[in-house]
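Visitor: Could you take me through a close look at a single part of this model, the surroundings of the ligand, and tell me what is found there?

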Amino acid sequence: QVMEADVVVIGGGGAGLTAAIEAHDAGAKVIVVEKMPFVGGNTVRSKGGLNAAETSVQKKLGINDSVEAFYKDTMEGGKNLNDPELVKYFTENSAEAVDWLISIGMDLGDVAAGAGATNPRMHRPTGGKDIGAVLIDTLSKNIKERKIETLVNTTVTEITGSTDQITGIKAVDNNTKQEIQIKADSVVVATGGFAANEKLYTKYREDLKGFITTNHTGATGDGIIMAEALGAGLVDMEQIQTNPTVEQSKAEVISESVRGLGAIFVNQSGNRFTNEMLTRDVLSAKILEQEGKYTYILFDQQLRDSMGAIEGLVKKNLVTEGNSIEELAAKISIDAASLQSTIDRWNTAVANKKDEDYGRETGMDNNLSKAPYYVIKVAPGVHHTMGGIKINTNAEVLKSDGTKINGLYAAGEAAGGVHGANRLGGNAVADIIIYGRQAGIKSSELALKNG
Ligand code: ADP
């Protein structure tokens, strides 16, 4: 089967759907191709928010922030490995991205503080809803309203053409095994990252062998591999973020906010071993130094009462409960006396507002004193791949020598350079919208010019 379009978008996650909407609105005929039976990708799992500075929402809420501070935070968070031009465009266009999302019906009424951000700039739906699900709902609704053709269960296997000019894609219908060809002058690679492709990430990072992933099964880096085959440059492929607190049986990320509300880490010897509020990379490394390479997140009934999300974790059987410290210790085979003395010492630190052992300064408003006591056993998991296809601020794909591949665009986690060595929470969703829009606008411009 042969089809024709102006723009083909590979991948129906946040970046792909955004690019498709923008390209359509610019007048292009767009086809989205998604290999899974449904759209949403990894984006639908996102629980954080969208970082943006100097936005209409911040102004309404009386929050002072600046594009300059956003730029500085992002570069610092990424250890200055980020591409400064990409970060400049990213931060300067974040406020407009928020307005655009609101204009297509997205709820972003809430703004929270995020790790590594000088000012509150993590835009979220109101009422504590997870951003990923709300975002994918909103984008899907807009795709349907515009009648943008979306082929699901269809895996793109090749981008056709040459570096002089892209000519389209080849794909396979996963049900009928039939080959599909789509001719198009512009192709947007929005296939996400490769955190679910152990073979690929261990090629760059042998130390991550055997880690579980927090990603959906489709995050295998197909677009990166296909673009590379055509001559695209790749950047920062070894920059891979682990999330330190992943429950291993269900690959469930346990939010940092549990620690923010007062939980501590204890190892199998019943001892704390770190300031629990350090960055993801540091905590992952510390956990891997512990016996068994895991830690328990420990909290009490007060914390459970103050955090609705814990109930979901309890329902999924991820939480071990003890009516006393002794009972809990017995259940997880920790020495009860050491666990008791660790908790006593922590409660003293909370009372004195001084953690003499590890210098923790936040998440110390509540002590651990109300039974039952709870633990969740966690270890690091592969979470986000910062590297990927080399792009410029037009979302155009570049060869290693910096020249363009005509007609090829990339956005979202498939592209590299925005996050450098470490992605801040809230910057991935911002990235897929900002560069997804740009990819849609620029790809349609080229296709319509070519006619
Ligand atoms: P981003 O956050 O960058 O938008 P997501 O993970 O949310 O990334 O979305 C990427 C989407 O691309 C996923 O839905 C994934 O299933 C899809 N995808 C990955 N590889 C292919 C492929 N070869 N063909 C079609 N779709 C693909």
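Guide: A polar contact here is a pair of N or O atoms within 3.5 Å, and with that cut-off in mind we can look at the ligand in this predicted model. A backbone N or O atom of K35 lies 3.1 Å from a nitrogen atom of the ligand, so this pair falls within the 3.5 Å of the definition. On its own the ligand has 580 Å² of accessible area, and the protein covers 98% of it.

Turning to the elements around the ligand, those that give two or more residues to its shell are α1 (14–25), β8 and α8 (222–229), and the largest share, 3 residues, comes from β8. In total, 27 residues surround the ligand, and A15, E34, T43, D222 and E413 are the closest. When the shell is divided by residue type, 8 of its residues are nonpolar, 15 are polar and 4 are charged.

Strand β8 also leads us to a sheet, for it belongs to an open sheet of 4 strands in the order β1-β10-β9-β8, with mixed pairing. The edge strands of this sheet are β1 (2–4) and β8 (154–161), each of which pairs on one side only. Further along in that order, β9 (residues 166–173) and β10 (residues 179–183) pair in the antiparallel sense over 5 bridges, and I169 stands opposite I182 in β10.

Terms used
Residues numbered from 1 in each chain as written. Predicted model: local features only at pLDDT ≥ 70, side-chain atom pairs only at ≥ 80, totals over all residues. Heavy atoms only, no water. Pairing = 2+ DSSP bridges. Near = heavy atom within 4 Å. Polar contact = N/O pair within 3.5 Å; in protein donor to acceptor, adjacent residues only side chain to side chain. Areas by Shrake-Rupley, 256 points an atom, 1.4 Å probe, with all protein chains shown as cover. Nonpolar A, V, L, I, M, F, W, Y, C, P; charged D, E, K, R; others polar.
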